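Work through the exercises below with the model open. Each task is followed by its solution.

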Amino acid sequence: MTRTEKLLAELIALPSVNPAFIPPPPAASARQARLSHPFAGEKRVADFLASVAARAGLDVEFQKVAPGRTNVIARLRPPGKIRQTILLAPHLDTVGAGDSQFVPRRENGRLYGRGACDTKGSVAAMFTALCELANAKSRPQETEIVIAGLVDEENAQIGSRALVRSSAFRRLGQLTASAGRLKAELQTTLAIVGEPTRLQVVTAHKGSLWLQLETRGRAAHGATPQLGQNAVHEMTRIVDLLETDYAARLRRRCHPLLGTATVNVGTISGGTQPNIVPDRCAITIDRRTLPGETETGVRRELAALLRSKKLPAKITSAKLAPCLPLETSPQLPLVSGFLRSVGQTRPAGVDFFCDAAVLSAGGIPSVVFGPGDIAQAHTADEWISLDSLERGKDLLLNFLKSLP
Ligand SMILES: [Zn+2]
């Protein structure tokens with residue numbers, strides 16, 4: 001068994017279910033009850049990784065993000081002056097799972113268990129690569145390598161959002177971002193966010209915008225509907241418009257790595273009982289955005305479309321934190337260097353949103369890279385190919401070793 005596989009098996013056996021996916025028992029303070037669940041929270045994994053990193057001689061610190069939830073940050077400082085920084089940033093949390101998924105199981109060249117590919121596989125590959133680098137004969141002389149195990153990617157990304165606001169991150173920024181020297185900054189920092197990309201270097205992903213649309217009508221007795229105004233009926237016209245005209249319009253908007261923007265009407269609620277004309281109806285939509293599309297722009301476009309069809313509706317945000325699209329230039333020296341190092345001629349794009357967009361919006365050029373396939377993420381029998389896992393570690397280690 002390789003070091004990477006051993007670490008991954010240990011990580012799977014330490015549940016770190018995002019508290020948002022733990023159903024709260026009735027009549028308890030929701031947050032307290034969720035955090036005290038035996039599978040909840042990233043703390044076990046963060047503590048364990050801290051000890052792994054400390055044993056390898058890395059400097060370790062914790063960043064408190066929320067009660068009971070901390071990012072773990074480990075650093076390999078170069079002997080010389082720091083001229084550039086690589087940030088390895090996988091997340092520690094997983095979605096929920098049954099008890100048996102916390103028992104790692106090896107079968108036919110695969111390792112099964114919750115988080116195997118999303119994203120404890122990346123955690124294991126990145127930590128093992130860095131620990132091996134720390135003890136290698138030759139290592140970068142002027143490149144600092146930081147690894148940040150982040151909490152809460154699967155829910156509201158409070159881990160990556162806290163990291164970009166933190167002093168650890170500002171120090172990263174300072175190194176490179178002396179006022180106005182954006183160009184210099186872009187050339188000396190790169191975040192590699194761990195997610196299952198089948199070992200492709202991903203430079204772009206879509207954003208996810210959740211909006212609520214609400215129609216208002218006038219209530220009346222179900223026996224005299226002509227005296228009311230039916231908000232549900234109004235909404236059905238809007239739903240139809242979104243799923244036909246608007247969806248067709250989005251299909252014409254195409255990104256070379258990401259395909260088209262999309263819209264999905266995900267929920268609808270309105271009315272209280274059959275014999276009342278409903279005076280309110282609301283839908284929520286998931287609009288997947290392409291690089292360049294903003295929330296303001298999308299809301300303006302929707303409002304104009306509804307106005308043109310004389311379908312008034314109130315549009316509000318249905319998500320606490322924005323999930324922006326990612327687009328990092330493959331021409332940046334560290335990005336093109338990483339692409340070359342893994343033997344990839346063209347950068348890739350993916351559908352799913354991740355921490356890379358948060359770090360990128362915070363000013364760190366970011367790409368996504370990791371072993372495993374997103375097709376196995378969040379499934380009832382999540383697994384990762386052990387070949388992919390080991391190759392992921394090797395590719396990362398080779399790239400890090402190639403840095404000055
Ligand atoms: Zn993930």
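Predicted model: local features only at pLDDT ≥ 70, side-chain atom pairs only at ≥ 80, totals over all residues.

**Exercise 1. The zinc site**

Task: Identify which atoms coordinate the zinc ion, and classify their arrangement.

Solution. 
- Step 1. Collect the donors, which are N, O and S atoms within 2.8 Å of the metal (3.2 Å for Na, K and Ca); water is not among the atoms, so sites may look incomplete.
- Step 2. Check the angles. Four donors count as tetrahedral if all angles lie between 85 and 135 degrees; four count as square planar and six as octahedral if opposite donors are over 155 degrees apart and all others between 65 and 115; anything else is irregular.
- Step 3. Here the four donor atoms subtend 51 to 145°, so the arrangement is irregular.
- Step 4. Read the spacing along the sequence: H-x26-D-x76-E.
- Step 5. His91 sits in the loop between β3 (84–90) and β4 (105–107), and Glu195 in the loop between β7 (189–194) and β8 (202–205), so the pair ties together parts 104 residues apart in sequence. Helices (H or I, at least four residues) and strands (E, at least two) are DSSP runs, numbered from the N terminus.
- Step 6. Buried means under 20% relative accessible area, exposed over 50%, partly exposed in between (1.4 Å probe, protein chains only). His91 has 1% relative accessibility and so counts as buried. Glu195, at 2%, therefore counts as buried too.

**Exercise 2. Ground rules and confidence**

Task: State how far the model's confidence reaches, and where the pLDDT is below 50.

Solution. 
- Step 1. Residues are numbered from 1 along each chain as its sequence is written, and side-chain values use heavy atoms, with hydrogens and water left out.
- Step 2. Take the average. pLDDT is the predictor's confidence in each residue, from 0 to 100. The protein's mean is 92, and 93% of its residues reach 70 or more.

**Exercise 3. A sheet and its helices**

Task: Work out the strand order of the sheet that holds β4, and find what packs on it.

Solution. 
- Step 1. The sheet is open, with three strands in the order β4-β5-β18 and antiparallel pairing. Two strands pair if DSSP finds at least two bridges between them.
- Step 2. β4 and β18 (383–385) are the edges, each with a single partner strand, so one side of each lacks a neighbour in the sheet.
- Step 3. β4 and β5 pair over three bridges. Arg106 stands opposite Leu111 in β5.
- Step 4. Helix α1 (residues 3–12) packs on the sheet, touching β4, β5 and β18; its direction makes about 15° with that of β5. Axes are lines fitted to C-alpha atoms, for helices over the stretch in contact, and angles run from 0 to 180 degrees between N-to-C directions.
- Step 5. Helix α12 (residues 386–402) lies across β4, β5 and β18, at about 65° to β18.
- Step 6. Seven of the ten residues of α1 are buried, so α1 is largely enclosed by the rest of the structure.

**Exercise 4. Strand β3**

Task: Which strands pair with β3 in the parallel sense?

Solution. 
- Step 1. β6 pairs with β3 over five bridges. Ile86 has Ile145 as bridge partner.
- Step 2. β7 pairs with β3 over six bridges. Pro90 has Gly194 as bridge partner.
- Step 3. Seven of the seven residues of β3 are buried.

Technical notes
Contact = heavy atoms within 4.5 Å.
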